[in-house]
Amino acid sequence: MNLNGLRIYSKFVCILTFALIFLGGLVKSTESGLSVPDWPTTYGHFMFAFPLDQMVGGIKYEHTHRMLASIVGLLTLGLCVWLFRSNVALWLKRLGLFAFIAVIAQGILGGLTVKYFLPVWLSMMHGVLAQTFFIIVIMIAYALSEEYVARKKEQTIVDGKWIKLVIIFTMMVYIQLILGNW
């Protein structure tokens, strides 16, 4: 089965996720987090029906972040379904399901962050899960890539000490993410 369409789609999800995280950083750095004080609506409007001429100041950052988050969530559902309907490894299908669960959790955390007026611990969880979700969709895109398929054929054996080093570095990155979000 030809996976080119799925490869392109997974990369597209990665690019939009990167843009979403960038917008989330704009929301945080401009302190626009409560510019739209209600959730899941936007000043009582259905999110995608909010008038564009009212998207000014912090509302522009916050609302755009929410709309893109909804699109990424929908695209992640599509990615998960496509993976399950494709002839890919079971672990990759499970990773797609995990990505979908993570994006749902991310949306709920984002909404709760607004509902509870930006508590630090909840904002931190939202930020760290965003990075985790990004890594998951990158892993999916890489596992679908031609490079991964070519490397898999080489059957390279990984030394156990390298795996320990990777785990240590991963933990260090997570500690940095938590501190950075704090």
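Colleague: How many disulfides does a search of the whole structure find?

Modeller: The search finds 0 disulfides. Keep in mind that this is a predicted model.

Colleague: How do you know that C14 is in no disulfide?

Modeller: The nearest cysteine sulfur is that of C80, and it is 15 Å away. A disulfide needs two cysteine sulfur atoms within 2.5 Å. The sulfur of C80 has its closest cysteine sulfur in C14, at 15 Å, so the pair is too far apart for a bond.

Colleague: What makes C14 buried or exposed?

Modeller: Its relative accessible area. Buried means under 20%. C14 has 10%, so C14 is buried.

Colleague: And C80, buried or exposed?

Modeller: C80 has a relative accessible area of 7%, so C80 is buried.

Colleague: What share of the protein counts as buried?

Modeller: Of the 182 residues, 38% count as buried.

Colleague: Which pattern does the protein follow along the sequence?

Modeller: The pattern is α-α-α-α-α-α. There are 6 helices and 0 strands. The C-alpha trace spans about 55 × 35 × 20 Å along its principal axes.

Colleague: What share of the contacts with a separation of 6 or more comes from residues 24 or more positions apart?

Modeller: Such residues account for 71% of those contacts.

Colleague: Give me a case. Why is R66 called buried?

Modeller: The cut-off is under 20% relative accessible area. R66 has 7%, so the label buried applies. R66 sits in helix α2.

Colleague: What does R66 touch, leaving out residues up to four places away in sequence?

Modeller: R66 touches V36, D38, W39, T41, T42, M47 and V114. Take V36 from that list. R66 and V36 are 30 residues apart in sequence, and their C-alpha atoms are 9.9 Å apart.

Colleague: Why does G127 count as buried?

Modeller: Buried again means under 20%. G127 has a relative accessible area of 14%, so G127 is buried. G127 lies in helix α4.

Colleague: How do the axes of α4 and α5 cross?

Modeller: They come within 4 Å and cross at roughly 65°. Helix α5 covers residues 146–154. From α4, the contact uses Y142, A143 and L144. From α5, the contact uses E146, E147, Y148 and R151.

Colleague: Which classes make up that contact of α4 with α5?

Modeller: There are 4 nonpolar residues, no polar ones and 3 charged ones. Tyr counts as nonpolar, so Y142 and Y148 belong to that class.

Colleague: Now the largest pocket. How much space lies in it?

Modeller: About 1,100 Å³. The lining has 43 residues, and G24, H65, Q106, G110 and H126 are the closest to the centre of the pocket.

Colleague: Which elements give two or more residues to that lining?

Modeller: They are α1 (4–29), α2 (58–85), α3 (90–115), α4 (120–144) and α6 (160–181). The largest share, 9 residues, comes from α3.

Colleague: What is the make-up of the lining of the largest pocket by class?

Modeller: The lining has 19 nonpolar, 20 polar and 4 charged residues.

Notes
Residues numbered from 1 in each chain as written. Predicted model: local features only at pLDDT ≥ 70, side-chain atom pairs only at ≥ 80, totals over all residues. Heavy atoms only, no water. 1 Å grid on protein atoms, 1.4 Å probe; cavity = no way out; pocket = protein on both sides within 12 Å on 5 of 7 lines; lining within 4 Å. Points joined across faces, edges and corners; volume = space filled by probe spheres on them. Axes fitted to C-alpha atoms, helices over the stretch in contact; angles between N-to-C directions. Contact = heavy atoms within 4.5 Å. Buried < 20%, exposed > 50% of the residue type's maximum accessible area, 1.4 Å probe, protein only.
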